[in-house]
Structure formats: C-alpha cells, structure tokens
Amino acid sequence: MHDNLSPKISVPILIIYFIVFCSFFDTHAQMPILAPFAISLGATPFTLGLVVGFYSLLNIFGNFSSGVLIDNTNWQKPLLIGLIGVSIVLILYTAVGTTLQLILIRSAHGFMGGILVPAALASLTTGDREVKTRNSRLALFGALIGMAAIAGPIFSGIIAGVFSYSAVYLSLAILMATAAILSLITIKLKTGIGGTSRASFFFREIYKIPQLKSSFLFALGTMGSTGTLAAFLPVRAETLGFNHIKTGILFATFAFSAIIVQILWPKKLKLRLGSDFKGCRMGLLLLAAALLIAAMASSPLILFSSLVIFGVGFGLAFQGMLGLVINSSLPEWRGRAIGIFFATYSLGVAIIPPLSGLIWQQYPLIFPFYTAATAALISMSAGCRTCNKKPA
C-alpha cells in the first residue's frame, strides 16, 4: 500500500508546494519587522493600526476576486496574477518613504496576497476526485503553512539585523518572482471546469449546505483566536520574564505541534475523530482551553504547555475546516467556496484581536485571551448548530 502522505509526487506538484510555502513565508516573514519599519517612518499607533487593517481589508476583497477568477477561468491564472503582483509590491516596499506610501503598498499587498492564497489551495484540490489523495494534499498544505510560520520570522530577523528592512523585502521579491517563473515554465495551463459561475448561484448553494456555513463560522473563531495570540502573547510572556528569544520559542512550539497534528490528520487523527466536523469542534475547544490556561499561567512551563495545546487545537481545526470546504463543495464553484473561506479567515484576524485589545483597554482585568477564548467557544457553538441542520 502506498503512503498517501506523498501522493503522485511530480515536478508540477512539487512546484505547487513550493508556491504554497512561499505564499505564507512572505506573510510571516514580515511579522517581526513591519511594526519597527513603520515606526522608523514616523508611524503613530493609530497609523500602525491602519497599516495592519488595510492589509486585512483588501485581503478579503482579494479572496473573493480569486474565487470568482478560479471558477470563471482556472486556478492557474489567479495563481500567476498573485505571484507576479506580490513580487512587484514587495519591490515597492524598498522605495517607501512615508507612512501613507506604506499604507497604500500594504493595501496592494493584501489584495494580491488575497488572490494568491485561494488559488494555491485550489491548485491542490480542483479536479482531484480521489478523496485520500486530496486529504493528504490538504495535510501537506497545512504543514507547509506551519513551516513558513517558523522559518519566515527567523529569516527576516537575520536579514534585517545584518542588512536592512529593504533587504528583507528585496529578498522576498526575488523568492516570489522565482516561484512565478517556475510556475509559468512548468505548470501547463488548462481550462477550468465550466458550468454556472454566477455569484447568485454560489450564494444559493452556500445556504443549502450547512457544512460550508459551519466551516466559515469555525474560521472566524479559529483565526480570531490565532490573531489574538500572535498580537498579545509577547505581552503575556513578558509578564513571566520571557525575553525575545524565549517568546520566539513559544511561537515555534505552537507551530511545531500544529505541523505534527496536520501531518498525522489524514491517516491517524481523522480516523479516530470520525469526521472533519469533529476535528473542528475538538480543535476550537482546545484553542479556547489553551487561551484560558495561557491567560492564567503562573510559570513558564504552564505557558509552554498552553502553546502545545493551542498548536494541537489549531491543527485539528484547520484541517477540519479545509475538509469541510473542499469535500462539501462542487468543482464548478469550489473556487468561490475557497475564496469566501479565506475571506472569513482574514475577517477573524481583522475583527477579534482589535476587539480583544479594546476590551482590555477599557477593562484591564479582561486580558485579550479571555475575549478570544469566548469568541472561539461562540464560533464553535454556532458552527456546530449550523452543521447539524439539514440542507435547505
């Protein structure tokens, strides 16, 4: 029996995996340098919020646009548009001289990245009717995101420290341009599946399929929790005496546990849990529990343990959500399903962390992790109720 974790490995598939890694490496590599880069340009806290907010907002529009493009044409075209667009935007970062220019470039980056990511996922799932193969590819998709989350910040930290912020963006531009060239040379463009592709058709379908609606509700809680963790974990770690290195190890702990869970998902964990839906439910419960433990942690060991739990929860929830989206959608409109999934994914990051921070600012006893844990439980409850309904 063949190992389904590496199905039909070929040069085009390897390049797709490389593109997936690059797509998320680009995003995570900017995390440690974006704030200091903006501050070096004279950004105020409000301006810094705009830099983050406009990226997320335009990312949502990019996700929707990518979904429509995938269904109306094929996944290859938005993939190339995204890769080329992101490459150009990354070069423009090197010429930024004001905070207004940074906001505009971040907006363009958000839109192009929003086009790229759904196309990368669609490339691994569209037209593939072998469920085991598809599930294994989804597992590798999630694992590559985790690897990018570990390698990206380390890469940018070293390059920025040795050279400059501009060197980081130039290096990322070269990486993305390389991915674009490889995809253009190697991947054979082919016409996507036709059929009805109007937006009205898609929205009728989504309200008929509870599993799809549930996946979007789960995404809000999962990414809202993850965004809140990313924003406020350094603050929590500092109260326990962690330095920057130890805080970085905390994030790596989360990422490593998430990677392991996602690799084990298709052949081990999914069989035990029984379904993608149960993976989402268990994942969100673990995310909420981890956030509560982290908020109340009184020692470094307990905080590290909470990050392991968070990584396991994220891995289960992410694979469960991907499975619900892909397995509950038809190829004719799967692009839109993927697009709206990543849009809600981005929306969770855009809404819940600022809301958690605002509540903490007004009520100092309510640390953001408590709010995010509550949001995760509400998301899980709403998603479970929706998923258990009969199709309309």
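Leaving aside neighbours within four places in sequence, Pro368 is in contact with Thr228, Phe232, Ser356, Gly357 and Trp360, where contact means heavy atoms within 4.5 Å. The structure is a predicted model, in which local features need pLDDT of at least 70 and side-chain atom pairs count only at pLDDT 80 or more, whereas totals for chains, interfaces and linings use all residues. Residues are numbered from 1 along each chain as its sequence is written, and side-chain values use heavy atoms, with hydrogens and water left out.

Pro368 belongs to helix α14 (residues 368-387), helices being DSSP runs of H or I with at least four residues, and strands runs of E with at least two, numbered from the N terminus. With a relative accessibility of 0%, Pro368 counts as buried; the word buried stands for under 20% relative accessible area, exposed for over 50%, and partly exposed for values in between, with a 1.4 Å probe and protein chains only. Between Pro368 and Thr228, which are 140 residues apart along the chain, the C-alpha atoms are separated by 6.9 Å. Thr228 itself is found in helix α9 (residues 210-239) and is likewise buried, its relative accessible area being 0%. Not counting residues up to four places away in sequence, Thr228 touches Leu233, Ile352, Pro353, Ser356, Pro368, Phe369 and Ala372. For Thr228 and Ala372, 144 residues apart along the chain, the separation of the C-alpha atoms is 6.6 Å.

These local details can be set against the chain as a whole. Its secondary structure comes to 14 helices and zero strands. Buried residues account for 52% of the 392 residues, and, among contacts between residues at least 6 apart in sequence, 85% join residues at least 24 apart. A further pair separated along the sequence is Ile13 and Arg137, which are 124 residues apart in sequence and 9.7 Å apart in space, C-alpha to C-alpha. Of this pair, Ile13 lies in helix α1 (residues 11-29) and, at 11% relative accessibility, counts as buried.

What does a search of the whole structure find in the way of salt bridges? It finds one salt bridge, the term being used for a side-chain nitrogen of Lys or Arg within 4 Å of a carboxyl oxygen of Asp or Glu. Side chains of opposite charge can pair when their charged atoms come close. The partners are Asp71 and Arg336, whose closest N and O atoms are 3.3 Å apart. Asp71 lies in helix α3 (residues 45-72) and Arg336 in helix α13 (residues 334-362), so the pair ties together parts that are 265 residues apart in sequence. Both Asp71 and Arg336 are buried.

The count of disulfides comes to zero, a disulfide being a pair of cysteine sulfur atoms within 2.5 Å. Cys280 is buried, with a relative accessible area of 0%, and Cys384 is also buried, with a relative accessible area of 11%.

The accessible surface of the chain comes to about 16900 Å², of which 71% belongs to carbon and sulfur atoms; such areas come from the Shrake-Rupley method with a 1.4 Å probe, and for residues only the protein chains shown count as cover. On this surface, Ile154, Ile158, Val162 and Phe163 form a nonpolar patch with about 450 Å² of accessible area together. Patches are made of residues with over 30% relative accessible area and no salt bridge, like charges being joined within 9 Å and nonpolar side chains (Val, Leu, Ile, Met, Phe, Trp, Tyr) within 5 Å.

The mean pLDDT of the chain, that is, the predictor's confidence in each residue on a scale from 0 to 100, is 82, and 86% of the residues reach 70 or more. Over residues 1-7, however, the pLDDT is below 50, and this stretch has twelve contacts in the model beyond near neighbours in sequence. The pLDDT also stays under 50 over residues 189-199, for which the model has 19 contacts beyond four places in sequence. Where pLDDT is low, the predicted coordinates should not be read in detail.
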